[in-house]
Amino acid sequence: MNSHVLRCIAVFFLTAGLLIAAEDPGKTASSHTLTIHADRGTHTISRHIYGHFAEHLGGCIYGGVWVGPESSIPNTRGIRNDVTAALRKIKVPNIRWPGGCFADDYHWKDGIGPREQRPPLINTSWGVVVENNHFGTHEFMDFCEQVGAEPFICGNIGSGTVKEMAEWVQYLTSDHGNAMAELRKKNGREKPWKVKYWAIGNETWGCGGIMSADHYANEFARYSFFLKNYGDNSLYKIASGGLPQDYVWTETIMEKWSRTDGWLQGFLGGFSLHFYAVTDWGKKGSATKFTENEWFTGISKALEMDQLVVRHSAVMDKYDPQKKIGLIVDEWGNWYDVEPGTNSAFLYQQNSLRDAVTTAINLNIFNNRAERVKVANIAQLVNVLQAPILTDTEKMILTPTYHVFEMYTVHHDATLLPAEIKGEEYSFGGRKLPGVTVSASRDQAGAIHVSLCNLDPNRPATVSAQFRGASPKTVSGRVLTASEMTAHNTFANPNAVTPQRFTDARIAKDGFSVTLPPKSVVVLQLK
Ligand code: AHR
């Protein structure tokens, strides 16, 4: 064979190899460099960004949390033991309740006193079903105590009154000297509870009363003024935000706050942002039957959270440069079509590896924006929307979303370490997204945790990391992944997607190198 023929053969194989790699990128890993500034840790990641949301909606409260003391399902004073045990494991810091849209139709006095005497209620927000009000204020506070979570109450501004909301605060938090404290004692609770997080209405642009920003700014001030602190309880009052991209709403509230110096200042603790990663509300798609195109659009929608946080924060910065007011992302998550055969008003959906990846994306964003994001609540706790827990009468399963929350507990109240990642993007159909997202923190014992998420469902990702100001000697980790992007846990197969020990990370000089499997969430510990 002469050299020309040899050259032709070589060129043929090289070209064929490149074509195969381009058509099937699963064969090559994407490559990334990561810098972690261990010398620049100034902000604490509030554990409250790992909060949850429980609404009187479908099977969230009734069946998911509350089964009643007479139930054969193991319970403590009517609250499911399996659910509380699972929630304790992920160290749920706060639970937002009773809604959502339901909150602005909820009259708390109907949910206290002997349960058999409580008036029933038609849930006009979710399915026009009758509920018996058996899960009310005392049951919610008991639930929080059993879980070890702080209560986050959303008050009714839409159909309620200032008096009604102010009396709820008294009932919960005042020790003596008013009729509400006496009523609480009569209902069996001698000592007041502690309640910090208190929202004044929910989505007041919509189901919370269809208000304009100006109108709501005035209402917020009025309600806020009359919600008092009793004893050493100090309320952290949260204003309703507008639609996700409504920056004018944010500006209106912040401007009023800054103008009412001495009156409204100090009355506003946080400002709410709600964002569901939905591309088309008319065609949301299935939670478990989807193509790579839907994977890509779902992931790309979830990534929009960062821009929302940045842009709302920029508006807030104008009035509050010291970042005293928190951005409270008190509803976030994926919203799909309900599971076939279930009530469309109950919002029951399954939960796949795609949800695990978008959970990691969001939690990385909240960690990295810890200076402004002080609380966040995934929607919702059990059996509704992107739920970490699903129940079926006496059975319970943990979803991929749950496992990410469990893996990320290492970041609770840790010091954020700024991290920058650069590298190849995830390409699909001519569109591109970041390949890997990351956040890092140092805990109080000095261990560093790095959470990495490979968004590409086809290609592994190699990450070469350098620390500034740290030289850890050991690395260990856990990974959540599966062979199919639609993988999910079912009652028949509850452990299809669960965290596993991860061994593909190596210590390097002042850093580490790691290969992330496609579509995976990895949390590393470095010491
Ligand atoms: O989480 C479901 C609903 O979504 C909530 O009730 C409402 O606040 C939001 O629109």
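Two strands count as paired if DSSP finds at least two bridges between them. Helices (H or I, at least four residues) and strands (E, at least two) are DSSP runs, numbered from the N terminus. The model is predicted: local features need pLDDT of at least 70, side-chain atom pairs count only at pLDDT 80 or more, and totals for chains, interfaces and linings use all residues. Residues are numbered from 1 along each chain as its sequence is written, and side-chain values use heavy atoms, with hydrogens and water left out.

**View 1. The open sheet of five strands.** The strand order is β17-β1-β22-β26-β25, and the pairing is mixed. β17 (419–423) and β25 (505–508) are the edge strands, and each pairs on one side only. From one strand to the next, the twist averages 20°; angles run from 0 to 180 degrees between N-to-C directions, and axes are lines fitted to C-alpha atoms, for helices over the stretch in contact. Five bridges link β1 (residues 30–37) to β17 in the antiparallel sense. Within this pair, L34 stands opposite I421 of β17.

**View 2. The open sheet of six strands.** Here the order is β16-β20-β21-β27-β23-β24, with antiparallel pairing. β16 (415–416) and β24 (500–502) stand at the edges with a single partner strand each, so one side of each has no neighbour in the sheet. L416 stands opposite S441 in β20. Elsewhere in the sheet, β23 and β27 pair in the antiparallel sense over six bridges, and the bridge partner of V475 in β27 is L526. β23 also pairs with β24, again in the antiparallel sense, over three bridges. In β24, R501 is the bridge partner of R478.

View 3. Helix α10 (residues 400–407) lies across β23 (475–480) and β27 (520–526), and runs at about 165° to β23. α10 also packs with helix α9 (residues 353–368), at an angle of about 35° and with the axes 7 Å apart. The crossing of α9 and α10 is right-handed; a crossing is right-handed if the near helix is turned clockwise from the far one by less than a right angle, and left-handed if anticlockwise. Which residues of α9 and α10 meet? L353, D355, A356, T359, A360 and L363 in α9 meet P400, T401, V404 and F405 in α10, where contact means heavy atoms within 4.5 Å. By class, this contact has seven nonpolar, two polar and one charged residues. Ala, Val, Leu, Ile, Met, Phe, Trp, Tyr, Cys and Pro count as nonpolar, Asp, Glu, Lys and Arg as charged, and the others, Gly among them, as polar.

**View 4. Helices α4 and α6.** The axes of α4 (residues 162–173) and α6 (residues 213–226) come within 9 Å and cross at roughly 40°. The two helices are therefore oblique to each other: angles under 35 degrees count as roughly parallel, over 145 as roughly antiparallel, 65 to 115 as roughly perpendicular and the rest as oblique. α4 passes α6 in a right-handed crossing. V162, M165 and A166 in α4 meet R222, Y223 and F226 in α6. Five residues of this contact are nonpolar, none is polar and one is charged.

**View 5. Helices α7 and α8.** α7 (residues 247–259) and α8 (residues 292–319) pack at an angle of about 25°, with their axes 9 Å apart. That angle makes α7 roughly parallel to α8. Their crossing is right-handed. On the α7 side the contact includes Y247, M254 and W257, and on the α8 side it includes L308, R311 and Y319. Its residues divide into seven nonpolar, four polar and four charged.

**View 6. Backbone details in two loops.** The peptide bond from W97 to P98 is cis, with omega near 5°. P98 is in the loop between β5 (94–97) and β6 (121–123). Another cis peptide bond joins G99 and G100, with omega of about 20°, and G100 also lies in the loop between β5 and β6. N383 has a positive phi of about 65° although it is not a glycine. The place of N383 is the loop between β13 (373–379) and β14 (389–392).
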